[in-house]
Amino acid sequence: MNKNRLLAMLTACVLCLGLLTACGTQSTGSGQMEDNGPITLFLSQQDDYLTVLQQECAKAAEANGYQFHMEDAEGDQDKQISQIKQAVKKGESAFLVNLVDPSRADEVIKAAGNRGIVFLNREPEDHAVLDQKHIYVGSEEESAGELQGQVLAEYCQSEGMKEIRYLLLTGPESLSSSHQRADAVLNIMNETGFRMKLLTAEPLECDYLRSTAEEQVAAQLSAGLKPEEIDCIISTNDAMALGAMDALKTVDPEAEPIVIGVDGIPDALQAIHDGTMMMTAYQDASRQAQTAIQVANNLNHGYPYNQGITVADSVDDNIFWISFQAVTFDNVGSFLNS
């Protein structure tokens with residue numbers, strides 16, 4: 001074989017290896033190459049926190065050698081199921097599902113066929129659907145409300161407050177997460193001995209959206225609610241808390257109620273730093289995303305679902321938990337700078 005022919009063959013081999021690498025393959029410990037293919041996040045809807053979670057999933061997927069796709073169900077569970085069926089037809093490798101309706105997880109599993117699923121951030125209502133191919137990654141919702149209640153009770157005690165006049169902002173009626181958060185904070189306040197007085201006939205259901213919360217609170221203020229009557233705004237996520245503040249400041253720029261939320265989105269962290277919001281229960285989107293992608297990779301390649309998972313704080317049967325963290329003025333700097 002002459003030198004020119006040998007050189008051409010070697011060049012061709014190098015090009016082939018380069019193409020394999022570019023197509024999303026990674027080496028196993030045995031030296032074999034595995035094709036990761038695409039990974040898809042089926043998002044329930046676009047809101048402030050879920051947008052952050054989507055971005056973190058994209059980073060984690062890329063770091064693990066996956067192409068990343070996102071499908072937005074726009075709050076429609078039937079649409080999400082249709083999106084999953086289409087992804088199965090396309091042969092996509094791994095699925096992350098942020099449920100629109102946690103009571104319909106069984107329908108999602110049926111639509112995915114033999115694909116493994118990582119349910120992310122919205123917990124299936126029926127844990128019986130979870131097994132070694134269908135895993136949940138998220139945070140314990142009740143603990144978010146407990147953190148809110150602990151911080152709020154301590155502050156109100158220090159101020160000598162006995163009765164707390166409050167607005168309560170909740171997410172979609174179908175999501176148990178919002179009810180768990182709200183029940184937990186109110187239980188702690190009641191158990192600590194405060195008289196809790198809701199200023200509206202019912203909690204304000206604002207779909208976890210800032211704009212909806214602003215509209216709902218503005219409507220209450222137009223109907224006669226006075227800013228000075230509001231001691232506290234209890235919100236089951238940060239976006240709604242910020243929306244309520246937007247409405248309140250439009251009517252009375254000097255209003256300074258206690259404001260508490262959940263998630264730790266950037267605008268809320270800045271509001272805590274600026275002193276216009278008292279606290280949030282930080283939900284770590286980065287660690288949820290990293291855990292979910294690692295689990296999805298295990299399912300994709302037929303490994304045990306919990307192999308090599310080091311990011312989660314704890315694991316129950318087929319569930320990985322990422323802990324909430326209380327953020328106040330005293331420690332918000334470490335979250336803003338992370």
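A pocket, as I use the word this morning, is an open set of points on a 1 Å grid over the protein atoms alone, with protein on both sides within 12 Å along at least five of seven lines, and its lining residues have an atom within 4 Å of a point. Grid points are joined across faces, edges and corners, and a volume is the space filled by probe spheres set on the points.

The structure above is a predicted model, in which local features need pLDDT of at least 70 and side-chain atom pairs count only at pLDDT 80 or more, while totals for chains, interfaces and linings use all residues. Residues are numbered from 1 along each chain as its sequence is written, and side-chain values use heavy atoms, with hydrogens and water left out.

I begin with the pockets. The second largest pocket holds about 260 Å³ of space. Its lining comprises 15 residues, and Val52, Gly264, Pro266, Leu269 and Tyr282 are the ones nearest its centre. Helices are DSSP runs of H or I with at least four residues, strands are runs of E with at least two, and both are numbered from the N terminus. Helix 2 (48-63), helix 9 (266-274), helix 10 (285-301) and helix 11 (332-336) each supply at least two residues of this lining, and helix 2 has the largest share, with three. For residue classes, Ala, Val, Leu, Ile, Met, Phe, Trp, Tyr, Cys and Pro count as nonpolar, Asp, Glu, Lys and Arg as charged, and the others, Gly among them, as polar. On that scheme the second largest pocket is lined by nine nonpolar, four polar and two charged residues.

The largest pocket has a volume of about 400 Å³. Of its 19 lining residues, Glu256, Pro257, Ile258, Gly275 and Met278 lie nearest the centre. Helix 8 (238-251) and strand 12 (258-263) each supply at least two lining residues, with helix 8 giving the most, three. The classes here are 13 nonpolar, two polar and four charged.

Arg210 bridges to Asp246, with the closest N and O atoms 2.9 Å apart. This pair joins helix 7 (residues 210-222), which holds Arg210, to helix 8, which holds Asp246, across 36 residues.

Are these two residues buried or exposed, or in between? Buried means under 20% relative accessible area, exposed over 50%, and partly exposed in between (1.4 Å probe, protein chains only). Arg210, at 26%, is partly exposed, and so is Asp246, at 24%.

A second bridge connects Asp78 and Arg104 at 2.6 Å, N to O. Asp78 lies in helix 3 (residues 77-90) and Arg104 in the loop between strand 5 and helix 4 (105-112), 26 residues apart. Asp78 is partly exposed at 48%, whereas Arg104 is buried at 19%.

I close with the aromatic residues. Rings of Phe, Tyr and Trp (its six-membered ring) pair if their centres lie within 6.5 Å; planes under 30 degrees apart count as stacked, over 60 as edge-to-face and the rest as tilted. Four such pairs are found in the whole structure. Phe42 and Phe95 form an edge-to-face pair, 5.3 Å centre to centre with 85 degrees between the planes. Phe42 is buried at 0% relative accessibility, and Phe95 is buried at 1%.

Note on methods:
1 Å grid on protein atoms, 1.4 Å probe; cavity = no way out; pocket = protein on both sides within 12 Å on 5 of 7 lines; lining within 4 Å. Salt bridge = Lys/Arg side-chain N within 4 Å of Asp/Glu carboxyl O.
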